[in-house]
Structure formats: C-alpha cells, structure tokens
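Good morning, and thank you for the time. I shall walk through one structure for those who have not seen it before, beginning with the overall picture and then turning to particular places.

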Amino acid sequence: MTIRSFAKLTLVPDMQLFLQQIVEGLASGAIYASLAIALVLIYRATRIVNFAQGEMATLSAYFAWQLNQWGMPFWLSLIIVAAVSFVMGALVFRLIMRPVLGASDNTMVVVCIGLFVGFEAVALWFWGADPHAFPRIFPDYAWTIGGVRLTANNLGILATLCLLTVGLSALFRYTRIGLAMRASAAEREKSPLVGIPVENMLMLGWGLAATVGFIAAALIAPSLFLSPPMMVSVVIYALAAATLGGWDSLAGAIVGGLVVGIAESLCATFIGFIGTDLKVGVPFALMAIVLLARPQGLFGTSAVIRA
Amino acid sequence: MNGASIETMLRAAGCAALAFALLIVPAMFPDFLVYQFSVALTYAIAILGLNLLMGFNGQISVAQGVFFAVGAYTTAIFMTRYGMNYLLTLPIAVLTASILGLLVGIPALRWQGLPLAFITFGLAVLGPPLALKLEPITKGATGISMIKPAVPSWFSGNQDTFLYTLCLLGFALSALFVWRLTRGDTGRSLRAARDSDLIAESLGVHLTKVRLAAFVTCSGMAGFAGGLFAIVNGFVSPESFQMTKSFDFLVGSIVGGITSISGSLIGALLIVFLPDWAADMNIALSGLIYGAVLVVMMLIARDGVMGLLSTLLTALRTRIIATRATATADDRLSGRRIQI
C-alpha cells in the first residue's frame, strides 16, 4: 500500500464532509441573506439599522403558525401573513420611526433595541416560552450526488433567495414605484419637488422589509423551532452579512449572507472549540474583521464627507 | 434671591434627601429588601458608567451586561481559586473589564456610531454562551459560589447591612468619580467630542483618545459593579448575566436620564423591582414595559426622569425671573414714585 492511496482513503470522506458543509452553509447563508436584504432595504431608505427585524419576523411566523393551527391551509396562511407583515412594518415606521427620523444614530439604536425587547415580549405573552414545531415549506426529499446530500429543503431555500433577488431587483429597476423608492432613499429633501410622496415610499420600504424578514423566519423556523428568541442569533448573522456587503447594496447583502453561512458551517464542523454553542461567534468575528479592515464593506461605497 | 440660587438650593436639597433615604434603607426594610437595594446599587454603578459614555460622550454600548459579568466572574474566581480578600479583587475586576473594553473599543471606534452598536450587540448575544463554554474558568452552568465576607467586629449590624454599606460606599465613590470627570477640562473634552467632531478636533481634543478612554472607563465601571454584585450575591452563573441584562442596563440608563448621576439610582431601582412585580401577572410583562419605555422615552422624553425634573426646575426658575422682571418694569413705569 503506497502513501498515495492511504492519503486518498482518508481524504475522500473529509472532502465529502467539506462539500456537505458548504451545501448546508449555502442554505443557511441564503436565510441570513434574506434577513440581511430586509436590513439593507430599511437602511437604504431611512439610515436606520433595525435590530428588531428578527423579532418582528418571529412575531409574523407566530401568526402563520397560529393560522395554521386554526385549520387554515399552510400556503394560504403564509400568503396572508406576508401581507400582515407588510402592514406591520409600515405601521412600525409610521407610528414609531417617523417621529425620530433624522435623530442621532444612538437614538435610533435605543428605539430599535426597545422594539427588539418589546416584540419579543409580545410573542412571549401570547405564545409562551415553549418551542413549537413549524411546518416545513418544502417536501422531505433528498438526492445524493457524489456522496453529498442535497435536500429539497436546502434547494428550496436557495430557490426562494433567487426569486426574492430577481423580484426585488425588477421592482427597483423597472417599475415607477421602485424608482420613486430609490429616489426617496437617495434624496429625501429633493424628491418631493418632483412629486414623490417620500414618506409613503419610506413606509413601503419598511413594509417590504418586514415581508422579506417574514420569509427568512418562515424558512428557518422548521429547523430552529418557533420560540420567542428564535431570531436573536440570526440577526447577528444578518448584521454581519450586511456589514460584509456594505449596507447599501442588495448584491452585497446576498454575497455577505452566503459567505457568513459557509464560514459558520465550516468553522462549526472543523474547529472543535466552536461547535454548535459558539457558532454565533463566527459572524461576530467576521464583522469585527470587516469593520477593522474595510469599514465600507466589500460592495459598499465609502462616504466622502466634506468638512 | 435669584432663580439660579433657588435651583441650586433645590438640587442640593434633593441630593441631601437622596443621601438620607439611602442611609436609612437598612433600618427601614427587612433583610431581603436590603439585599435587593444592594443589588440595585451595584446596577446603578454600571448604569453610571453607561451614562458617562452615552450622556456625556455620545457613544453607545449595548453590552454593559457583558462587562458586568466579566467583573463578577473575575471577583468570584480570584476569591475562590486564589483565596484573595474580596476588596482586593475589585481592582482586578475593574482591570479585566477595562481590558476587554479596550479590545472591543479599538476596532469599533474606527468607524463611529453604528459599528459600535453592532459590535456591542454581538457581544451581548455572544457573552452568555461563551460563559457556558469556557467551563474550565467559569464552571459552566453550575456557576461559582463563594462565601460572603464576614462582618468585621467594628461594624454593628448584620451581614446584609454590611454588604449594603459596602455597595453604598462603592456607589458614592463612583458617583464622585463621574461627577469629577464630567466637570472641568475632561468633561468639556468629553462633551465636545459628543457635540461636534469638527469643533472638538480643531480645539485640540484627540477624538479617538477621548472616545476610547470613555469606553474603557464605562467598561471598567461595569467591571467594578459586577465585582460588587458577585460579593453581595455570593454566587455567579450564566443565569445572572443573560443577554437581557445588557438591555436592562440600557433601560435603566434611559429611564433615569443619560446625563444624570442620581438618575442612575432611579433606573437601577426600576430594573431590580419591576421584573419581580411584573412577573406576578405575566412573565412577558416586564419585557413589554421595558420595550415601551425605551421607545416612548426616546419619542417624548429623551433626557429621562431626571431630565423632566430638570426641565420643570428650569421652567420654575424662568417664571421666578419673569415675575421679578415684571416687578422691576412696574417700578420703572411708576418711575415718578421712585424719584421722590
């Protein structure tokens, strides 16, 4: 037996594990990317980082679960709650964020932390702390290609992200509303001069973000189980993804999300100390490195301030 | 007597009343409440640190609970493993928390504002699982119990009273420290860095240095508070330092008023007693109230309870001055009478 064949014997399973972890990482990365898209939508529109995005999404997921419990078909409940989430996001903007628009970053952070604590408490109030099983959106089916297992769930998650990306890009590029939203985000003071109802556009941005956040929650809820703090760590992943991508780019958020997902999956498998408990340290470390080395992110434009 | 001196007198009277109230706590309440007041005092120290950072320097940290935990664990470990005197562990607690503050502060300060919020938010989430994971040091979920310090022979009073006195001294020291720091040149540089980067820098304030110093001081105070908490509680475990603790401190700071020293006490009392009271109705109630408090205070009263009081005082002062001005004007109008 030569050394080469021995090396081959041990390498093959490792390679398989490696590829398998990349597939898993891509799937969870797609979910982080969805939530990161929600964060970026809101940041682009209103320069607010919505720490409460995940908790709002958890509440939406609870709505869907409850409707389904009451006997509504799962698909119908998803569609209805997507609309409800939109209204919820728009209302949060109208009632809470609009009065503090233009305040300092710190004020916004405090308000968003308040929303974070508040929304989590609402979910705890109505549904308690016990985790609930959330139905899977995609069927339980799997293919094995070259020793790597591809589940319908993972592929479905990736397909959802693609649809989401195409849909949002089309909205922003080809529709009048999308153009008006981009204009309101870029020039809040001047857009009204050309007849754009800026506040409605910002509200629309918040509503869209809440719906996108709900999609992320509905995708991850089957594997995490539905509980009030379900999205707490997911928000960290999304923050890291958006920071990596540079906060003002949808493409950046998506690439960032996938990178964070793969990094998390690989580190948790191949670095013994991290394991499942400290997975959340991976996005944190990535975020710290990006902020240190390239604060504007990989895809972001660095703001030039004229003193 | 003019309005300004009335305000000063009212403030002094308020401080005296507060000091008196704090001193008679052990005589007025049963032991368990005295213990809770001691815990509230340690929280107040952590909140003071946060006020220094947020109110006087315009930065934010949502991870004060993590620095508090680091201080508590430091004290617990040095007391149990090395049998060190409890008072001597406190400077070490301050040191370790400050070092962590420095490590966190340096990368985050390169980009002001939001990045500091991200990093500290991440730290707040990461802290509790890390405390569980570092089992060789923290003993994981079991936690570390230590013997509460014995009452010295010269002290007439039981253990709870003694620990309360200790915390009161700690708080007085911290309040004095922050009061001293926010006045004079240091205070002016801190506030200049908060109000305008450009002006501060052109006046010779080294922005990065001042901000980093404020962040490290804030973390160090949380470490001091955590050390005291460990001594008072006699037990530390990840259970006491969940992510919500960091948000609790934020709530305490905002409620009391971020530029207030006495406000930290109001905030601390709220976060100690509200959850107990609210849990009788629903475990989610305190979270709901905290969330509402953070949002509503930001919308209507950004300066907290003490800020509201201060506004009232100022209004009172203006009214007094206005009355006096009217009186003088009346005199001048009826000038003939004066000339006689």
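A residue is called buried here if 20 or more other C-beta atoms lie within 10 Å of its own. By that criterion, 47% of the 307 residues of chain A are buried. Please keep in mind throughout that this is a predicted model.

Let me begin with confidence. The average pLDDT of chain A is 86, and 93% of the residues reach at least 70. Among the elements of this chain, helix α2, residues 53–69, has the highest mean value, 93, whereas helix α1, residues 3–46, has the lowest, 79. For residues 1–11 of chain A the pLDDT falls below 50, and beyond near neighbours in sequence this stretch makes one contact in the model. Where pLDDT is low, the predicted coordinates should not be read in detail.

Next, the overall architecture. Chain A contains 10 helices and two strands. The C-alpha trace of chain A spans about 80 × 55 × 35 Å along its principal axes. How does the radius of gyration of chain A agree with that of a compact globule? For 307 residues such a globule would have a value near 19 Å, and chain A has 20 Å, which agrees. Among contacts in chain A with a separation of 6 or more, 74% join residues 24 or more positions apart.

I turn now to the two strands. Strand β1, residues 142–145 of chain A, runs antiparallel to strand β2, residues 148–151 of chain A, and four bridges join them. At one position of this pairing, A:Ala142 stands opposite A:Thr151 in β2(A). The two strands form a hairpin with two residues between them, and in the turn A:Gly146 has a positive phi of about 55°.

Let us move on to helix α8 of chain A, which covers residues 232–245. Its 14 residues reach 20 Å from first C-alpha to last, close to the 20 Å expected at 1.5 Å a residue. Is this helix enclosed or exposed? Because 13 of the 14 residues of α8(A) are buried, the helix is largely enclosed by the rest of the structure.

The backbone on either side of this helix deserves attention. Most residues other than glycine have a negative phi, and most peptide bonds are trans. In the loop between α7, residues 198–224, and α8 of chain A we find A:Phe225. Although A:Phe225 is not a glycine, it has a positive phi of about 70°. With 13 other C-beta atoms within 10 Å, A:Phe225 is partly exposed. Just after α8(A), A:Gly246 takes a positive phi of about 100°. A:Trp247, in the loop between α8 and α9, residues 250–270, of chain A, is not a glycine either, yet has a positive phi of about 65°. A:Trp247 has 24 C-beta neighbours inside 10 Å and so counts as buried.

Now the contact between the chains. Chain A contributes 37 residues and chain B 39 residues. On the side of chain A that touches chain B, at least two residues each come from α3 (74–100), α4 (105–127), α8 and α10 (281–293). Which helix gives the largest share of that side? It is α4(A), with 16 residues. By type, the residues of this side of chain A divide into 27 nonpolar, seven polar and three charged.

Helix α11 of chain B, residues 243–256, has 14 residues and reaches 21 Å from its first C-alpha to its last, close to the 20 Å expected at 1.5 Å a residue. Since 14 of the 14 residues of α11(B) are buried, the helix is largely enclosed by the rest of the structure. Just after α11(B), B:Gly257 takes a positive phi of about 110°.

Setting aside neighbours within four places in sequence, B:Ile92 is in contact with B:Thr74 and B:Phe78. B:Phe118, in turn, is 26 residues from B:Ile92 in sequence and 28 Å from it in space, C-alpha to C-alpha.

Conventions: Residues are numbered from 1 along each chain as its sequence is written. Chains are lettered from A and ligands numbered from 1 in the order in which they are written. This is a predicted model: local features need pLDDT of at least 70, side-chain atom pairs count only at pLDDT 80 or more; totals for chains, interfaces and linings use all residues. The expected span of a helix is 1.5 Å times one less than its number of residues. A residue is buried if 20 or more other C-beta atoms lie within 10 Å of its own, exposed if 12 or fewer, and partly exposed in between; C-beta atoms are placed from the backbone. The radius of gyration is taken over C-alpha atoms; the globule rule is 2.2 Å times the number of residues to the power 0.38. Two residues are in contact if their C-beta atoms, placed from the backbone, lie within 7 Å. Ala, Val, Leu, Ile, Met, Phe, Trp, Tyr, Cys and Pro count as nonpolar, Asp, Glu, Lys and Arg as charged, and the others, Gly among them, as polar. Two strands pair if DSSP finds at least two bridges between them. pLDDT is the predictor's confidence in each residue, from 0 to 100.
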